[in-house]
Amino acid sequence: MRETDTRNILVVGDLHEPFCLEGYLDFCVEQFNTYNCNQVVMIGDILDNHAFSYHEPDPDGMSAGLELQMSIEKVSKWYKAFEGVHVDVCIGNHDRLAARKSFTGGIPKAWIKTYNEVLGTPNWNWVESVIYDDVLYEHGEGGQAQTKAKNNLMSSVCGHTHTEAYCRWFVGKRFKVFGMQVGCGVDASTYAAAYAKNFKRQAIGCGVVLNNGTLPINLLMPL
């Protein structure tokens, strides 16, 4: 992006591939185009990794190998959809599961491939967090966006909490910051989301942060 351009960022919610909702990709692409976005931040949990979760996996579910194969196929569609666009990916707790399992098993880091190598996404920038225009983007473990905005006195955008989608402003005498939860793209009918079947409905949506970090908007997918 040129320095003279206005930065408009599309924020994609948690995908949990291969368990993302049908149509969520098309919805996100539509918002990218509608709001003249020129960057993408994927807010984390690109993968679900249900088969080797630290929680009990469904014994009737896919094997770890098949789940990864399907995830790679689905992630490739996201990669192709935003080819040529700068994409930052905030690493989520589900994305970390393979690394955590290797750590538990005592396997040195040198044996572990990168996310881009495994998923075939060479141009994606995987980060713990990223800041643009004084707005912090991170997955959201350890607190929702409104909490992080207040604690850091810094506008914050988070995912992680699937049932929340909001934008809340905090205004003081010398500051004005927002906290935005962007929802998710998870298909609640899949067995990987069965843990939440008796909870609130998933907030299916994404977000945009426009005009160099000054205009955050929640966008819920019509269902």
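In this predicted model, the largest cavity is lined by His16, Phe19, Asp48, His94, His162, Val186, Thr190, Ala192, Ala193, Tyr195 and Gln202. Sorted by class, that lining has five nonpolar, five polar and one charged residues. The space in the largest cavity comes to about 50 Å³. The count of cavities of 30 Å³ or more is one.

The nonpolar packing comes next. The largest nonpolar core has 34 residues. Leu10, Val12, Tyr24, Met42, Trp78 and Trp124 are the members with the most contacts inside this core. Two or more residues each are given to the core by E1, helix H1 (24–34), strand E2 (39–42), helix H2 (64–81), E3 and strand E10 (205–210). H1 supplies the largest share, five residues. Leaving aside residues up to four places away in sequence, Trp124 touches Met42, Val75, Trp78, Tyr79, Val87, Val89 and Asn116.

Side chains of opposite charge can pair when their charged atoms come close. The structure holds four salt bridges.

One of them joins Asp133 to Arg7, with 2.9 Å between the closest N and O atoms. Asp133 sits in the loop between strand E5 (129–132) and strand E6 (135–138), and Arg7 in the segment before strand E1 (9–12), so this pair ties together parts that are 126 residues apart in sequence. Are the two partners buried or exposed? Asp133 has a relative accessible area of 30% and is partly exposed. Arg7, with a relative accessibility of 17%, counts as buried, because the limit for that class is under 20%.

Another salt bridge is formed by Glu128 and Arg96, whose closest N and O atoms are 2.5 Å apart. This pair also links distant parts of the chain: Glu128 is in the loop between strand E4 (125–127) and E5, while Arg96 is in the loop between strand E3 (86–90) and helix H3 (97–104), 32 residues apart. Glu128 counts as partly exposed at 47% relative accessibility. Arg96, at 22% relative accessibility, counts as partly exposed.

Lys148 and Glu138 form a further salt bridge, with the closest N and O atoms 3.0 Å apart. Lys148 belongs to helix H5 (residues 145–152) and Glu138 to strand E6, so the pair links distant parts of the chain, ten residues apart. Both Lys148 and Glu138 are buried. Salt bridges with shared partners join Arg96, Glu128 and Glu141 into one network.

The last stop is a loop. Which residue spacing can be checked there? Lys109 has its place in the loop between H3 and helix H4 (115–119). The C-alpha atoms of Lys109 and Ala99 are separated by 8.2 Å, and the two residues are ten residues apart along the chain.

Definitions and conventions. Residues are numbered from 1 along each chain as its sequence is written. This is a predicted model: local features need pLDDT of at least 70, side-chain atom pairs count only at pLDDT 80 or more; totals for chains, interfaces and linings use all residues. Side-chain values use heavy atoms; hydrogens and water are left out. A salt bridge is a side-chain nitrogen of Lys or Arg within 4 Å of a carboxyl oxygen of Asp or Glu. Helices (H or I, at least four residues) and strands (E, at least two) are DSSP runs, numbered from the N terminus. Buried means under 20% relative accessible area, exposed over 50%, partly exposed in between (1.4 Å probe, protein chains only). On a 1 Å grid over the protein atoms alone, a cavity is a set of points where a 1.4 Å probe fits but cannot get out, and a pocket is an open set with protein on both sides within 12 Å along at least five of seven lines; lining residues have an atom within 4 Å of a point. Grid points are joined across faces, edges and corners, and a volume is the space filled by probe spheres set on the points. Ala, Val, Leu, Ile, Met, Phe, Trp, Tyr, Cys and Pro count as nonpolar, Asp, Glu, Lys and Arg as charged, and the others, Gly among them, as polar. A nonpolar core is a set of buried Ala, Val, Leu, Ile, Met, Phe, Trp, Tyr and Cys residues joined through side-chain atoms within 4.5 Å. Contact means heavy atoms within 4.5 Å.
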